[in-house]
Amino acid sequence: FSSVSTLVQRNPSFSTLNSDDISYFKGLLGEKNVIQDEDRLETVNTDWMHKYKGSSKLLLQPRSTEEVSQILRYCNSRCLAVVPQAGNTGLVGGSVPVFDEVIVNVGSMNNIISFDKVSGILVCEAGCILENLISFLDNQGFVMPLDLGAKGSCQIGGNVSTNAGGLRLVRYGSLHGNVLGLEAVLANGDVLDMLGTLRKDNTGYDLKHLFIGSEGSLGIVTKVSILTPPKLSSVNLAFLACKDYSSCQKLLVEAKRKLGEILSAIEFLDDQAMVLVLHHLDGVRNPLPTSMHNFYVLIETIGSDDSFDREKLEAFLLSSMEGGLISDGVLAQDINQLSSFWRIREGVPEALMKAGAVYKYDLSLPVEKMYNLVNDMRVRLGNLAKVVGYGHLGDGNLHLNISAPQYDDAILEQIEPYVYEWTYKHRGSISAEHGLGLMKANKIYYSKTPETVQIMASIKTLLDPNGILNPYKVLPHSINP
Ligand code: AKG
């Protein structure tokens, strides 16, 4: 486990649990939703990477907004710290306790409340698993504007709270655009009903945005309403090889111009990522096996006219091939091939997990500079570790992952603060889509000015004066002890 929590001190103003607290929660939620079993606690105390681990003694499983409200009202009055948790698939230590915070898991709140087939607006509870929402919408002839590798276990409340980006942001935009409304419970138990289903509403400050991406530090999101686009009939996916990063970048520019409205995803991985996927994931094979290429790019189109879309895509691929931007490529011929191509890109984090220790950086950078960081990092680390680059080419979002047999301070010293300084110098963001969590709370100044952070801290104090919600995360520890 990372030694990160040893850098933070437990805030002494938080109370510790006593038997009266447990009795209160049992009275409120029933015995079976108040969990003290060690095995169950081990799972919810530990993050997906097995890198961050808390020591919470209590997991609460509310089934309604009213129960969440009662829990928070009580915790606030007792000054008990709380970690809001959904699918616990986060990558920055944001969804697990640092010390003994009470875990409030919204997974039992998993009902779809309504779906309007005319507007495409879905209203559901925070604990709905993303993949279940995707399947539900598919049956209705619609799609979720959000799709990501963790869809089988991540939950929409967590996605919204972290403003997760995923594979189709290039087409549908971020959750700040797609979430039309939400309901959130504040630290004092007050329920903020902002569950609007309107496309347009300019009546004052749009406070829902405070809860999108604030990682449960301002309130617990309990319900969301989301605008979902109709499912279109024609989906195509090309798996392409490029000789260098400059070709990937030119391909992006061409794809945006030539595919226009049908472009739905443009993702990339480098050869190191491909090697790891082929080595660690069962049943995955390289669709372009004749030689190893330096870069692979997936280009997906979604449109409403199969022959028109296909013609457009094929013309684009032909001109890119003739222009030397693509060195090889293949188009998925059926749904199985389509998912096997996506499995390669979506499987990179899993392959890295299986390879050993991994240092993860999720950066927004100017596309033309993005891969220079991977090259610079390789020079810095030499044989100490493997440096892997992949991510959302169309969004300028690099996932820089550094893989080593085990965590080692000598490696970390080569990576940080270099990676953050590099990002700052290029006016990038140190968290494109994963949040700050515990990992980057103290690094916020690389991407935000002191004045901005101060306003954030004031908002935090206004909404959560005792600081009980997700402490030690998001804001720097000097402000948010
Ligand atoms: C992705 O694969 O798009 C992710 O967001 C995960 C990146 C990572 O594991 O570093």
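## Close-up views of a predicted model

View 1. A polar atom in the side chain of histidine 434 sits 2.9 Å from an oxygen atom of the ligand. The protein covers 87% of the 300 Å² of accessible area that the ligand has on its own. Please keep in mind, here and in every view below, that this is a predicted model. Histidine 392 places a polar side-chain atom 3.1 Å from a ligand oxygen, and for tyrosine 390 the distance from a side-chain N or O atom to an oxygen of the ligand is 3.2 Å.

**View 2. The shell around the ligand.** Which residues surround the ligand? They are Leu91, Arg345, Pro349, Lys360, Tyr390, His392, His399, Asn401, Glu433 and His434. Sorted by class, this shell has 3 nonpolar, 4 polar and 3 charged residues.

View 3. Let us step back for a moment to see how the chain is divided. Domain 1 covers residues 4-106, domain 2 covers 112-227, domain 3 covers 234-348 and domain 4 covers 356-434. Taken over C-alpha atoms, the centres of domain 1 and domain 3 are 42 Å apart.

**View 4. The second largest pocket, between two domains.** This pocket lies between domain 2 (112-227) and domain 3 (234-348), because both of them give residues to its lining. Its volume is about 730 Å³. Of the 24 residues that line the pocket, Ile134, Asp147, Arg168, Ile335 and Leu338 lie nearest its centre, which makes them handy landmarks for this view. How does the lining of the second largest pocket divide into nonpolar, polar and charged residues? There are 13 nonpolar, 3 polar and 8 charged residues.

**View 5. Elements that line the second largest pocket.** At least two lining residues come from each of α4 (130-140), β12 (295-303) and α12 (335-346). Helix α12 provides the largest share of the lining, with 5 residues.

**View 6. The largest cavity.** The model has 1 cavity of 30 Å³ or more. About how much space lies in the largest cavity? The answer is about 40 Å³. Its lining is made up of Arg10, Phe14, Ser15, Thr16, Leu17, Leu80, Ala81, Asp100, Glu101 and Val102. By class, 5 of these lining residues are nonpolar, 2 are polar and 3 are charged.

**View 7. Two backbone details in loops.** A cis peptide bond links glutamate 416 to proline 417, with omega at about 5 degrees. You will find proline 417 in the loop between α15 (409-415) and α16 (418-425). The other detail is at histidine 50, where phi is near 60 degrees, a positive value in a residue other than glycine. Histidine 50 belongs to the loop between α2 (38-45) and β2 (59-60).

Definitions and conventions:
Residues numbered from 1 in each chain as written. Predicted model: local features only at pLDDT ≥ 70, side-chain atom pairs only at ≥ 80, totals over all residues. Heavy atoms only, no water. Near = heavy atom within 4 Å. Polar contact = N/O pair within 3.5 Å; in protein donor to acceptor, adjacent residues only side chain to side chain. Areas by Shrake-Rupley, 256 points an atom, 1.4 Å probe, with all protein chains shown as cover. Nonpolar A, V, L, I, M, F, W, Y, C, P; charged D, E, K, R; others polar. 1 Å grid on protein atoms, 1.4 Å probe; cavity = no way out; pocket = protein on both sides within 12 Å on 5 of 7 lines; lining within 4 Å. Points joined across faces, edges and corners; volume = space filled by probe spheres on them. Helix = DSSP H or I, 4+ residues; strand = E, 2+ residues; numbered from the N terminus. Domains from an automatic or database assignment.
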